[in-house]
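This report goes through a protein model one region at a time. Please keep the sequence and the 3D view at hand while reading.

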Amino acid sequence: GIPANSTFTYKFKLKQSGTYWYHSHTGFQEQTGMRGAIVVEAKGRERHPIAEDHVILLSDWTHRDPHNLLKLLKQRAG
Ligand SMILES: [Cu+2]
């Protein structure tokens, strides 16, 4: 985990380019919005001078506390 109000720089070799998403696997951080998009551009590939990419990340959302929501999911058959 990364403490609040601090940073961590990940270093790893990229094997391919593309559009991906990141998200947390800690607690319910993903469910409460700790997620986003990462665009990895191919090294050395020329970009089209006019083309522009726009990433749209869609998600469902609830204002319920995720801990309470999980309890409901595991207790009610439906
Ligand atoms: Cu995951």
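## A patch on the surface

Which residues form a nonpolar patch on the surface? The members are Ile2, Phe8, Tyr10, Phe12 and Leu14. Together they have about 610 Å² of accessible area. This is a predicted model, and the values in this report are computed from it.

Tyr10, one of the patch residues, is located in the segment before strand 1. Its relative accessible area is 56%. Tyr10 is classed as exposed because this value is over the 50% cut-off.

## Asn5 in the opening segment

Asn5 also has its place in the segment before strand 1. Is Asn5 buried or exposed? With 85% relative accessibility, Asn5 counts as exposed.

The backbone of Asn5 can be described by its phi angle, which is near 60 degrees. That is a positive value, and Asn5 is a residue other than glycine.

## Thr19 in strand 1

Strand 1 covers residues 18-23, and Thr19 is part of it. Thr19 has a relative accessible area of 53% and is therefore exposed, the cut-off being over 50%.

What does Thr19 touch, not counting residues up to four places away in sequence? Its contacts are Ile38, Val39 and Val55. A further pair to look at is Thr19 and Ala42, which are 23 residues apart in sequence. In space, their C-alpha atoms are 11 Å apart.

## The copper ion

Which protein atoms are the donors of the copper ion? They are NE2 of His23 and NE2 of His25, lying 2.0 Å from the ion.

The two histidines fall into separate classes of accessibility. His23 has a value of 27% and counts as partly exposed, whereas His25 has a value of 71% and counts as exposed. His23 is not classed as buried, because that class requires a relative accessible area under 20%.

Ser24 is placed in the loop between strand 1 and strand 2, the latter spanning residues 35-40. Why is Ser24 classed as buried? Its relative accessible area is 12%, so it falls under the 20% limit for a buried residue.

Leaving aside neighbours within four places in sequence, Ser24 is in contact with Gln29, Glu30 and Met34. With Gln29 there is also a polar contact between the side chains, at 2.5 Å.

The loop between strand 2 and helix 1 holds Ser59, and helix 1 itself spans residues 66-75. Ser59 is partly exposed, with a relative accessible area of 45%. Its side chain is joined to that of Arg35 by a polar contact of 2.9 Å. Ser59 and Arg35 are 24 residues apart along the chain, and their C-alpha atoms are separated by 9.9 Å.

Asp60 has its place in the loop between strand 2 and helix 1 as well. At 70% relative accessibility, Asp60 is counted as exposed. Asp60 and Gln31 are 29 residues apart in sequence, while the C-alpha to C-alpha distance is 9.1 Å.

## Pro66 in helix 1

Pro66 is found in helix 1. Is Pro66 buried or exposed? Pro66 counts as buried because its relative accessibility of 14% is under 20%.

Not counting residues up to four places away in sequence, Pro66 touches Phe28, Gln31 and Thr32. Pro66 and Met34 are 32 residues apart in sequence, and their C-alpha atoms are 13 Å apart in space. Met34 was also named above, as one of the contacts of Ser24.

Technical notes: Residues numbered from 1 in each chain as written. Predicted model: local features only at pLDDT ≥ 70, side-chain atom pairs only at ≥ 80, totals over all residues. Heavy atoms only, no water. Helix = DSSP H or I, 4+ residues; strand = E, 2+ residues; numbered from the N terminus. Buried < 20%, exposed > 50% of the residue type's maximum accessible area, 1.4 Å probe, protein only. Contact = heavy atoms within 4.5 Å. Patch = residues over 30% accessible without salt bridge, like charges linked within 9 Å, V, L, I, M, F, W, Y side chains within 5 Å. Areas by Shrake-Rupley, 256 points an atom, 1.4 Å probe, with all protein chains shown as cover. Salt bridge = Lys/Arg side-chain N within 4 Å of Asp/Glu carboxyl O. Donors = N, O, S within 2.8 Å, 3.2 Å for Na, K, Ca; no water. Polar contact = N/O pair within 3.5 Å; in protein donor to acceptor, adjacent residues only side chain to side chain.
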